[in-house]
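Please look over the structure shown here with its charged side chains in mind.

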Amino acid sequence: MSLPTFTNDIFSFLDEQELSHDIEAAVILGSGLGSFADQIQESLTIPYEDIPGMPISSVQGHAGELIFGEINERSMIAFSGRFHHYEGFSFEETATPVYIANHLEANKLIISNAAGAINTSFSVGDLMVIESVIRNNLAISPLGNSKHQYQHHQWVPKVRKIAADLGLVTQLGNYMYVTGPNYETKAEIRSFRKMGADAVGMSTATELFEAARLNLKSTAISLITNMSTGVTGEKLDHDEVKAAADARKEDFAKLVKALIEKL
Ligand code: HPA
């Protein structure tokens, strides 16, 4: 399975650390959900900037880290901080966590993100299990490989059942991928709704498609942090995203822990 060449240096470095290749789950933490990392019994944290070959953000600030550890005695890795196309990363680079999870032979990949609700029956704070993705005809397939698909819908009912068993209600929906960084216009949201989108966000799509290509079992969950443009008439701001994520972070952690164990 071909992988982008920048992964060679990353893999050599990780191999030198003699990390376990017996990893139960890899988790990509979305905006505002980074506090999940506090639940991990850590054995090793590596800042992205210490990993040769790791894509480097041109945007100033915290670049993120890779955390190795255990949850309920199951070994896992977490990516706190991901790579967005709007930060200047290529579509291939945005899938870096997937390549690493695959290299370390993780049994499954759990992806999370913050998203805006397009479906007007959704509310801020809802958890939406992604059923399918709309790429709006963007050529995001890394390596020009267009043959693979997001084919892991089969896990969706199981994910929702695991959530329901914890007393957590989930929504089911289609994720509209946009490159950002600008939020959408009212007219765009109206057209996305007509296309069948339930939520919109700026991540996750390449990760899901690359995981599918590599046969890495994956699922993705959106935390609805805001109603998308024009739904409520209020202006969107990033603080709203953070506040919504904060309010649901415990439920999110509970769900991810159960998915690590049961999916
Ligand atoms: N649009 C795009 N991306 C987002 C949104 C939104 O409304 N909310 C969180 N991520």
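## Salt bridges and burial

Q: Is Lys108 buried or exposed?
A: In this predicted model, the relative accessibility of Lys108 is 2%. Since a residue is classed as buried under 20% relative accessible area, Lys108 counts as buried.

Q: Which residue meets Lys108 in a salt bridge, and where does the partner lie?
A: The side chain of Lys108 pairs with that of Glu24, at 3.3 Å from N to O. Lys108 belongs to strand β5 and the two residues are 84 apart, so that the pair links distant parts of the chain, with Glu24 in the loop between α1 and β1.

Q: How many residues apart in sequence are the parts that Glu207 and Arg82 tie together?
A: Glu207 and Arg82 form a salt bridge whose closest N and O atoms are 2.8 Å apart. Glu207 is buried at a relative accessible area of 1%, and Arg82 is buried as well, at 8%. Because Glu207 lies in helix α6 whereas Arg82 lies in the loop between β4 and α2, the parts they tie together are separated in sequence by 125 residues.

Q: Which helix holds both Lys249 and Asp246?
A: The side chains of Lys249 and Asp246 meet in a salt bridge at 3.6 Å, N to O. Lys249 is partly exposed at 30% relative accessibility, and Asp246 is partly exposed with a relative accessible area of 46%. The two residues are three apart, about one turn of the helix, and both lie within residues 238-262, helix α7.

Definitions and conventions: Residues are numbered from 1 along each chain as its sequence is written. This is a predicted model: local features need pLDDT of at least 70, side-chain atom pairs count only at pLDDT 80 or more; totals for chains, interfaces and linings use all residues. Side-chain values use heavy atoms; hydrogens and water are left out. A salt bridge is a side-chain nitrogen of Lys or Arg within 4 Å of a carboxyl oxygen of Asp or Glu. Helices (H or I, at least four residues) and strands (E, at least two) are DSSP runs, numbered from the N terminus. Buried means under 20% relative accessible area, exposed over 50%, partly exposed in between (1.4 Å probe, protein chains only).
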